[in-house]
Amino acid sequence: MHELVGALRSYAWGSRTALAQLCGRPVPSAHPEAELWFGAHPANPAQLSVDGRTRSLLDVVSADPRRELGAAAPAFDGRLPFLVKILAAEEPLSLQAHPSADQARAGFERENRTRVPLDSPMRNYRDDSHKPELVVALERFEALAGFRDPRRTVALLRALAVPELVNYAELLAAQPDSAGLRTLFTTWITLPQALLERLLPQVLDGCVRYLSDKNSTDNGETSPGKEFVAEARTTLELAEAYPGDAGVLAALLLNRITLEPGQGLFMAAGNLHAYLRGVGVEIMASSDNVLRGGFTPKHVDVPELLRVLDFEPLELPIVEPEPVGDPLGESVSFRYRTPAPEFALRRFELAADAEPTPVPRTGPGIMLCTAGTVRLLQGADELRITPGGAAWISAADAEVRAQAIDGAAQLFCACVGGE
């Protein structure tokens with residue numbers, strides 16, 4: 001059991017306050033802080049203290065994968081299969097999707113053959129892994145996630161009452177399935193800039209008219225008879241942040257989701273999504289493969305994005321936390337079920353003055369504190385972590401127990417899937 005220090009990543013969409021406040025640092029931060037990585041990904045491994053020396057988690061795992069990873073070592077080629085992050089979005093992330101395992105391997109090999117440098121901004125595949133991911137909201141979290149039922153999208157397009165959208169709405173109404181979504185998305189994402197610049201203002205005017213109706217609410221909630229208020233507001237916000245971006249049209253096709261604290265959102269391979277705002281704990285297969293379609297100055301490769309996208313309509317992919325153990329106990333834990341074999345995630349709400357709680361895990365684990373102060377106990381050893389702090393537990397380590405100190409605390413435990 002060792003303290004694990006996350007690697008801070010700065011992106012333009014990050015927050016100058018959220019991560020700094022969480023970690024108890026001065027606010028505002030000098031730069032937008034977007035992600036705090038806890039893992040062994042080569043791009044930015046976390047650091048841990050071993051025998052008085054600071055070493056990267058990547059080096060520690062690589063030096064003795066059997067000890068650190070246990071049975072996961074041969075299953076995942078000696079690599080830690082998951083990456084944990086705290087994500088803080090002040091502005092929308094790019095419109096994006098992640099490849100399947102087969103697509104990632106093929107794409108990585110293809111770009112290696114053509115000698116695209118790993119650090120090239122034109123690179124799509126920076127490793128050979130897929131990237132299923134789960135984000136759990138620490139506060140209200142807004143997102144676009146997966147293609148909406150085409151019939152509801154037709155209703156949205158008609159509700160905006162934009163003459164220039166009529167043909168597009170009828171195209172989808174005539175084929176309300178994945179093929180229709182593929183056709184409409186491809187049409188919009190590849191629209192010539194001159195046509196896009198004529199269509200977008202009309203769509204935005206339609207959103208303004210829709211929201212100006214006397215039945216609209218002022219707080220973004222859906223009022224009776226007005227089911228697309230959030231979608232219209234988001235369209236206007238995206239257009240203001242990314243003027244002239246075809247992704248604004250594409251966003252009209254996606255589920256608009258609000259997570260309350262504790263709820264999760266799971267994104268499998270091929271699901272188009274964009275996180276809009278909020279703070280959450282994110283866990284994913286250890287990969288940095290992203291295919292982008294808009295809302296970013298970074299590399300956008302529309303043909304490759306179209307190759308990996310899954311156009312099947314997606315029911316709201318919200319993952320509700322499942323209580324585990326005695327619901328009447330002082331401290332409670334919750335499991336987030338996903339089909340990903342690389343990771344599993346539990347959340348512990350540790351009550352003040354409660355007895356230490358066992359923290360079960362499969363193989364290696366990362367314990368991440370997001371509220372209060374947590375004392376981790378392992379035999380005679382003790383480690384205290386505060387918000388934004390974490391601990392690495394190797395597969396060879398004994399069971400860990402967790403206890404809140406000086407009030408209630410919140411702890412996440414990430415481990416290999418298979419519980």
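What is the volume of the largest pocket? The volume is about 720 Å³, taken as the space filled by probe spheres set on grid points joined across faces, edges and corners. The model is predicted: local features need pLDDT of at least 70, side-chain atom pairs count only at pLDDT 80 or more, and totals for chains, interfaces and linings use all residues. Residues are numbered from 1 along each chain as its sequence is written, and side-chain values use heavy atoms, without hydrogens and water.

**View 1. Lining of the largest pocket.** A pocket is an open set of points on a 1 Å grid over the protein atoms alone where a 1.4 Å probe fits, with protein on both sides within 12 Å along at least five of seven lines; lining residues have an atom within 4 Å of a point. Of 34 lining residues, Tyr11, Trp13, Ser94, Arg292 and Lys298 are closest to the centre.

**View 2. Surroundings of Arg292.** An unreviewed UniProt entry lists Arg292 under "active site"; such annotations may be inferred rather than shown by experiment. Arg292 sits in strand E13 (residues 291-294) and counts as buried (under 20% relative accessible area, 1.4 Å probe, protein chains only) because its relative accessibility is 17%. Beyond neighbours within four places in sequence, its contacts (heavy atoms within 4.5 Å) include Ser94, Gln96, Lys298 and Asp301.

**View 3. Contacts of Phe185.** Leaving aside neighbours within four places in sequence, Phe185 is in contact with residues including Phe147, Ala250, Leu272 and Phe311.

Definitions and conventions. Helix = DSSP H or I, 4+ residues; strand = E, 2+ residues; numbered from the N terminus. Buried < 20%, exposed > 50% of the residue type's maximum accessible area, 1.4 Å probe, protein only.
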